[in-house]
Amino acid sequence: IIDSSILDIFPLMPSTGAWPFTMIRIDRNELSGLEMDKPLFAPFQLLVLKRTDFNGKDLIDYATKSKEYQTILPPFRFDFLENYSSMSGNEKELQEWADKTTSLAIGLVINTALLKGIQFSPIGTDLSALDLRMGLDQKNLRAYQLFDAYQIDPSFLV
């Protein structure tokens, strides 16, 4: 269900272009020995990762493949892309945008999972230790948020 919930967000995201994050299902055994703020419940967890190599070129790819870009008349597309281009030159602004986009994706995956009877709950842990353990630096990634999964009765959504 974790994998299918991740796949379910693809058509819901505002763009099919490059994303500043990725999400993976991780086996609880890969987390053994890490301090957690609460015990893990499920055999698998959802790990949200931020791309450390996301740059201006990726941002423009995101913009040109966005649903919004497709609705803009061609003569006005340059101005739309200029807004993204100026953001790519400001590291703080780019990181704020990346965090907001990642948060949007997290919200979407949480909602799609709820419809399948799974609730994701954030787990506090030393994410830098997880980065080290999984060798995420070499993959241009860093752990952003870990979620445990709980089965629920989705009938409460009706």
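**Layout and helix α4**

Reply: The chain has six helices and four strands, taken as DSSP runs (helices H or I, at least four residues; strands E, at least two) numbered from the N terminus. This is a predicted model, with local features needing pLDDT of at least 70 and side-chain atom pairs 80 or more, while totals for chains, interfaces and linings use all residues. Residues are numbered from 1 along each chain as its sequence is written, and side-chain values use heavy atoms, leaving out hydrogens and water.

Me: What pattern does the chain follow along the sequence?

Reply: The pattern is α-β-β-α-α-α-α-β-α-β.

Me: Which residues in α4 are buried?

Reply: Phe80, Leu81, Tyr84 and Met87 are buried in α4, where buried means under 20% relative accessible area and exposed over 50%, with a 1.4 Å probe and protein chains only. They cover an arc of only 105 degrees around the axis, so they sit on the same side of α4; the arc is that of the directions from the helix axis to the C-beta atoms.

Me: And what's on the face turned away from the buried side?

Reply: That face of α4 carries Pro75 and Phe78, which are exposed.

Me: Switching to packing: at what angle do α4 and α5 cross?

Reply: The axes of α4 (residues 74–88) and α5 (residues 91–115) cross at roughly 115 degrees and come within 6 Å. That makes α4 roughly perpendicular to α5 (65 to 115 degrees).

Me: Which residues meet there?

Reply: Tyr84, Met87 and Ser88 in α4 meet Glu93, Leu94 and Trp97 in α5, with contact meaning heavy atoms within 4.5 Å.

How values were computed
Axes fitted to C-alpha atoms, helices over the stretch in contact; angles between N-to-C directions. Parallel < 35°, antiparallel > 145°, perpendicular 65-115°, else oblique.
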